[in-house]
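Subject: Structure handover

Dear colleague,

I am passing on a structure for you to look at, and below it I have set out what was found in it. Please keep the sequence and the 3D view open side by side while you read.

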Amino acid sequence: MWKQFFISRKFIIFTGIFIGISATVLQKLGNPANMGICVACMERDIAGALGLHRAAVVQYIRPEIIGFVFGSLIAALIFKEFKARSGSAPLMRFVLGFLAMIGALVFLGCPWRALLRLAGGDGNALFGLAGLITGIWVGIFFIKSGYNLGRNQRTYPLVGWVMPLIMMGLFLLLLFRPQLPSGAVFFSSQGPGSQHAPLFIALLVAMVIGFLAQRTRFCTVAAVRDVILIKDTYLFTGVISLLLAALVSNLILKQFHPGFQGQPIAHTNQWWNFGGMVLAGLAFTLAGGCPGRQLFLSGEGDADAAIFVLGMIVGAGFAHNFDTASSPQGPGLWGPASVVIGIVICLIIGITMRSAIKEN
Amino acid sequence: MHQKIEVSGLSCPLPVVKVREKLLEMKKGVLEVQVDNGTAKDNITRMAKEAGWKVKLEVQEEGEGYLLSISK
């Protein structure tokens, strides 16, 4: 009975509301503006803390990412859904994660943050969301024409535990903050990386979100995809709940500032706000889910999703080292080119990986 | 008409897409679906019920997979 309750329409609405309110409250407690939760930005901060890039203002081991995986792991163990699996084109998933991060950092946010930016009054997010939907729509075209990454297989339980163990390692680094001669672990002293909610509150809130999302299968990309592809509004209801709850919460907390200019950690180049999210939306769709969903899947033993997450983290390192990430001043020097190249690579993946399904 | 389909190991949304295609093709009858993860099982169940099919969970092996019987 409980299992049915968790996948009911009421519960996905509750989950969306919980995430929306939590994100805005985390912002009130110290997280950067309109970034109470942003999977891409937070993974980017983790990449910085580890020294994979040296953008000094975005380096912090975000406990929200750790909590998402832990929360999902706990739910999966309790409800006997933890299952180690792997082998569905892992290297391609790494590439898709890498490209999704390149696109997200041109827009400056993942689908979660796009919603939260809009809920905070940032009109530029509309262009990002339009790009996201466009990217998902292109991905659906490929899915309809037989695209797939192949079947995964059951594997040794330890494989499924790798991502939770990596997260445990990150948690220990966050807790003890060792200082190596190289300077690692890096923690920003100014900028967005220095802004964060209290560690254990952020961790706990994220664990609850991870738990709820594992049960409800919450996914911001599948929300749009399922409406278009199979006329299913279940996940979409959750995403709209998130948006409305965050909007109301921002109004109450006085965090709603409508406009386009001067929005926090955002730029006004709408072509590349749109283009960046076309790439991200397409890469997420080809990989089967949004960056949050990839973390939740990692927590329940999906090593292919874990590879996607690692691809995102490495992608963040490249995005800052190779100047493809945007700043509030606009896209990085190589941002537009990287988006175009990324979309071309995704199109090649979508076009060429269509044969396997025919035999099923 | 009694048919079977095996969608284990496929990433979302392929399990539900493939089952939906099959149901649209069958129009009525019984479709047995072998699926190995909870998300796909839930998605398939919801999609089939909304399309007017009856869904029965025949076998559930904890951590292993599920056998769904979808009929109209």
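Two residues are said to be in contact if their C-beta atoms, placed from the backbone, lie within 7 Å. With that in mind, and remembering throughout that this is a predicted model, you can look at A:Ala283, which, once its neighbours within four places in sequence are left aside, is in contact with A:Leu96, A:Leu99, A:Ala100, A:Gly103 and A:Cys346. A:Ala283 also belongs to the largest nonpolar core, which has 136 residues, and together with A:Met101 and A:Leu105 it touches the most other members. Helix α5 of chain A, covering residues 90–107, supplies the largest share of this core, namely 12 residues.

Stepping back to chain A as a whole, you will find 15 helices and two strands, and a C-alpha trace that spans about 55 × 45 × 40 Å along its principal axes. The radius of gyration of chain A is 19 Å, which agrees with the value near 21 Å that a compact globule of 360 residues would have. Of the 360 residues in chain A, 59% are buried, and among contacts between residues at least 6 apart in sequence, 84% join residues at least 24 apart.

Not counting residues up to four places away in sequence, A:His53 touches A:Ala47, A:Gly48, A:Ala316, A:Gly317, A:His320 and A:Asn321.

Next comes the place where the chains meet: the contact takes 21 residues from chain A and 17 residues from chain B. On the side of chain A that touches chain B, helix α10 (residues 220–230) of chain A gives the most, with five residues, and the residues of that side divide into seven nonpolar, six polar and eight charged.

Finally, in chain B, strand β1 (residues 2–6) and strand β2 (residues 30–35) pair in the parallel sense over five bridges, and B:Lys4 has B:Glu32 in β2(B) as its bridge partner.

With best wishes

How values were computed
Residues numbered from 1 in each chain as written. Chains lettered and ligands numbered in written order. Predicted model: local features only at pLDDT ≥ 70, side-chain atom pairs only at ≥ 80, totals over all residues. Helix = DSSP H or I, 4+ residues; strand = E, 2+ residues; numbered from the N terminus. Rg over C-alpha atoms; globule rule 2.2 N^0.38 Å. Buried ≥ 20, exposed ≤ 12 C-beta atoms within 10 Å, placed from the backbone. Nonpolar A, V, L, I, M, F, W, Y, C, P; charged D, E, K, R; others polar. Pairing = 2+ DSSP bridges. Core = buried A, V, L, I, M, F, W, Y, C linked by C-beta atoms within 7 Å.
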